[in-house]
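Dear colleague,

Please find below the sequence and structure that I am handing over to you. My notes on what was found follow directly after.

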Amino acid sequence: MNIQRRSYDHPDAVKLNDEVQLEYIERYQDGGDQTHLDPTMFEPPNGLYLLAYDERERPVATGGWRAMERNEEGYSDGDAELKRMFVIREGRGQGLARRILGLLEEDARAAGRTRMVLETGDKQPEAIALYTSSGYTVCEKFGHYRTYENSICMAKPLQES
């Protein structure tokens, strides 16, 4: 597996984003994730976007983080927010999401971020299991979906206290 830094608007990233949106629509019977994301949000040193490619150079997994600071949506200063963690169905069960998550955490820590945060939904048990087994715990809700009942927000400290 080959994991590469890419821009959020790279054609392969757009392709996988379209796929994850279809999965959200299927699971939640709604219009997909409506969180506004701009490609510049993932540019170092304030973020990172990764794509994993299989042996045939097909994009199979994605994930990114963006820097967030305290605001009216409930973020805290020093937050790094995970976005668009996704593995295509054929690529699941190989540890790709865990590898990408580890690289994103490492990069956010190196950028001085103090806490990794994420929002997922109650119809994504695989994601919840990954994050729980990686040291994330449920936290106060934040972000675009903070008022939604099926939203689950989780956090993990990135710096030693």
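Which residues have the most contacts inside the largest nonpolar core? They are Leu 82, Ile 100, Leu 104, Met 116, Tyr 131 and Tyr 136, in a core of 37 residues. A nonpolar core is here a set of buried Ala, Val, Leu, Ile, Met, Phe, Trp, Tyr and Cys residues joined through side-chain atoms within 4.5 Å. Buried stands for under 20% relative accessible area, exposed for over 50%, and partly exposed for what lies in between (1.4 Å probe, protein chains only).

Please note that this is a predicted model, in which local features need pLDDT of at least 70 and side-chain atom pairs count only at pLDDT 80 or more, while totals for chains, interfaces and linings use all residues. Residues are numbered from 1 along each chain as its sequence is written, and side-chain values use heavy atoms, with hydrogens and water left out.

Helices (H or I, at least four residues) and strands (E, at least two) are DSSP runs, numbered from the N terminus. Strand 2 gives the most to this core, namely 6 residues. Another core, of 7 residues, lies apart from it and has among its members Met 68, Val 117, Cys 139 and Phe 142.

Seen as a whole, the strands form an open sheet of 7 strands in the order 1-2-3-4-5-7-6, with mixed pairing. Two strands pair if DSSP finds at least two bridges between them. Strand 1 (2-5) and strand 6 (137-138) stand at the edges with a single partner strand each, so one side of each is left without a neighbour in the sheet. Strand 1 runs antiparallel to strand 2 and is joined to it by 4 bridges; Ile 3 stands opposite Ala 52, and Arg 5 has Leu 50 as its bridge partner.

Helix 1 packs on the sheet, where it touches strand 2, strand 3, strand 4 and strand 5. Contact requires heavy atoms within 4.5 Å. The direction of helix 1 makes about 85° with that of strand 4, whereas helix 2 runs at about 25° to strand 3. Such angles run from 0 to 180 degrees between N-to-C directions, with axes as lines fitted to C-alpha atoms, for helices over the stretch in contact.

Strand 2 and its surroundings

Because 7 of the 7 residues of strand 2 are buried, this strand is largely enclosed by the rest of the structure. Strand 2 pairs with strand 3 in the antiparallel sense over 7 bridges, and the two form a hairpin with 5 residues between them. In the turn, Glu 57 has a positive phi of about 65°.

Gly 47 stands opposite Arg 66 in strand 3. Arg 66 is buried, at a relative accessible area of 4%, and its side chain makes a polar contact with the side chain of Glu 81 (2.8 Å). A polar contact is a pair of N or O atoms within 3.5 Å; within protein, one must be able to donate a hydrogen and the other to accept it, and residues adjacent in sequence count only if both atoms are side-chain atoms.

Tyr 8, Phe 42 and Tyr 49 form one aromatic cluster.

Notes: Phe/Tyr/Trp six-rings, centres within 6.5 Å; stacked < 30°, edge-to-face > 60°.
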